[in-house]
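Biologist: Hi! Could you walk me through this one?

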Amino acid sequence: LTVWKDNILMSYVTTILLGVACGVLFYVRRFNHKQRERSGYKAIQVLLAVIAVLYIGMGAMGLVAYFG
């Protein structure tokens, strides 16, 4: 974010990209990996899913406010 520090549009886009990256990590851990029964493993999956939804939502709301 330091390259486009004053660019609000790119700030929202990078927030969405961070959420997408967390979503991809959640997908890989959930569906393309051996299932593990440890509680820490499931906690990380839940955390990745929550962060993905949160960051994508924040970025989308920012873009809507920017263009709206």
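Biologist: What percentage of the residues in the protein are buried?

Modeller: Buried residues are 13% of the 68 in the protein, where buried means under 20% relative accessible area, exposed over 50% and partly exposed in between (1.4 Å probe, protein chains only). This is a predicted model: local features need pLDDT of at least 70, side-chain atom pairs count only at pLDDT 80 or more, and totals for chains, interfaces and linings use all residues. Residues are numbered from 1 along each chain as its sequence is written, and side-chain values use heavy atoms, with hydrogens and water left out.

Biologist: Thanks! How many helices and strands are there?

Modeller: Two helices and zero strands, taken as DSSP runs (helices H or I, at least four residues; strands E, at least two) numbered from the N terminus.

Biologist: And is the protein spread out or compact?

Modeller: The protein is more spread out than a compact globule, because its radius of gyration is 15 Å, well over the 11 Å from the globule rule for 68 residues. That radius is taken over C-alpha atoms, and the rule is 2.2 Å times the number of residues to the power 0.38. The C-alpha trace spans about 45 × 25 × 20 Å along its principal axes.

Biologist: Switching topic, which helix gives the most to the nonpolar patch?

Modeller: Helix H1, residues 8-31, with five residues.

Biologist: Nice. Where does valine 20 lie, then?

Modeller: Valine 20 is in helix H1. Its relative accessibility is 39%, so valine 20 counts as partly exposed.
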